[in-house]
Amino acid sequence: MGMQLFTKSGIYVSVIDKILSCSTKITLAGIFTLTFETLINDELETLSNTTEYVIFYDNEYYDVVSLQSSLSNGLYKIKFSCEHISYRLSSISKTEFTAIGTPKQILTTILANTGFYAGNCDITVDQTISIKQESTVRSIIFNFADSLDCDVEFKEYYVNLYQHKGSKKPIEIIDKNVVSISKLVKSSVAAPTYSITIRPNVSLTVGDELHLKFTKLGIDENVRLIGISRKPFTSRDYDLEVGVQQETLEADLVSIKTEAVAKDKTYYGVKISADNGLTVVREDKKAKVIMNADEFRMQSLGDEGILVDKLFFDPITGEYTFSGSVSVMGGSININNHFIVDANGNAYLSGDSTIYGGKYYAGQAGSSEGYSEMTSGGFEIFNSSNDLKLKLGFTTDGEDFPYIQLGSGSGKFTDFGLVKKFMDGLWIGNSEPSDESGTFTAMKGYNGIFFRFSDNTAYVVKDTEMKNIYTGAAIAKFG
């Protein structure tokens, strides 16, 4: 069972059936949310930040309030945070409201011209409601329900009022029904707090009366189910919130104060919501900030027209990650007094600080003044044409002797001059002799001089031929 994605105007976009993670929550207090993550495909890649979207899932409609794109472990993902369409009633307000009639008649009047309709109301006695201050439609509904001691149920585009939502007869919750249960009793609080994860072998709905009976835990109590949280695509189990239903916050906040900051309303780009906490969005949608207890993100519009993270906090690693360019105007950078960059851009290393790898260029980025590079075989210097001109190296194939390579001509592999130490002497020539034994052996293409240590003699080398250097009739010896 996947998610069907539409624009708010009703245009079909895609069906999303490859769900990586998903969570839903519904409570008697009015919370009704959906969050899920999936892979970015061709249809989802083209989603616009300026278009409003709706998800149809499990016979309910949810408005998409945020889209979060990410790249993790080589996978491009997108996270949808959604609120039930009933949250739209929080953006519609009435300057004042007075009505007399049956609860259904009053509810019909409250919902007039909102796109929502009065559903079931099991109280038929005439009632009166009078609110003299500007209020949101959603808060008026909860205030009216509290005055009737009723429960509110949102079902698609309908609003229902029940004297008691769910089963009035306590449903037995015992060992075979639960995965886990715990009870927390605080000395300062009269009512205990329960944490319950339940198996799918018992059917429950928000509002049900429950009988918890776990003798070994000292639990034998009747409570009401006031909230259910699920992870439908990854687990059949679900978590229960039980206790005594309190008046909703929305019922308490019936009146709209001009100096107050309202939930889900935007003020100069600033919005506070239950899912994202505090968000700040530029008017042109090119930048966004998200701040709450779980995340901190600063985003900007990427090359593909999607908001991407530039600075964010990872709660798992406890680290901040920055993506982009850093410009420091004055001041200095100091990392544990081991690596320091002063206000003039001069860098200092101390202690055990180490520089690894990379190339070192002369001049500015993109210049053609040559560069130097440290490799596994030594230190190399190149000219502006990328020709190797000087190398300080050492051999590693069965030997371990240093050499100086003097480049000539063009190209990295062009013939060059060489000064190289061997086990039995020193070579000055035009090629790189290689001998795993560490001894010198003349080969085709060699042209140079070899100084042999063992007999203190110099040799002229031409290809494979080696001749002593003579002075008159005598062999030239050194030392």
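Asp-151 is buried, its relative accessible area being 9% (buried means under 20% relative accessible area, exposed over 50%, and partly exposed in between, with a 1.4 Å probe and protein chains only). The model is predicted: local features need pLDDT of at least 70 and side-chain atom pairs count only at pLDDT 80 or more, while totals for chains, interfaces and linings use all residues. Residues are numbered from 1 along each chain as its sequence is written, and side-chain values use heavy atoms, leaving out hydrogens and water.

**View A. The salt bridge between Asp-151 and Arg-224.** A salt bridge is a side-chain nitrogen of Lys or Arg within 4 Å of a carboxyl oxygen of Asp or Glu. The partner of Asp-151 is Arg-224, with the closest N and O atoms 2.5 Å apart. This pair links distant parts of the chain, joining strand β13 (residues 151-155) to strand β19 (residues 219-230) across 73 residues; strands (E, at least two residues) are DSSP runs numbered from the N terminus. Arg-224 also counts as buried, at 12% relative accessibility.

**View B. Asp-309 paired with Arg-297.** The closest N and O atoms of this salt bridge lie 2.2 Å apart. Asp-309 belongs to strand β25 (residues 307-314) and Arg-297 to strand β24 (residues 296-301), 12 residues apart. Asp-309 is buried at 15%, and so is Arg-297 at 13%.

**View C. Lys-467 and Glu-465 in a salt bridge.** Here the closest N and O atoms are 3.3 Å apart. Lys-467 is partly exposed at 49% relative accessibility, as is Glu-465 at 42%.

**View D. A network of Asp-151, Glu-209 and Arg-224.** Salt bridges with shared partners join these three residues. The whole structure contains 10 salt bridges.

Key
Helices (H or I, at least four residues) and strands (E, at least two) are DSSP runs, numbered from the N terminus.
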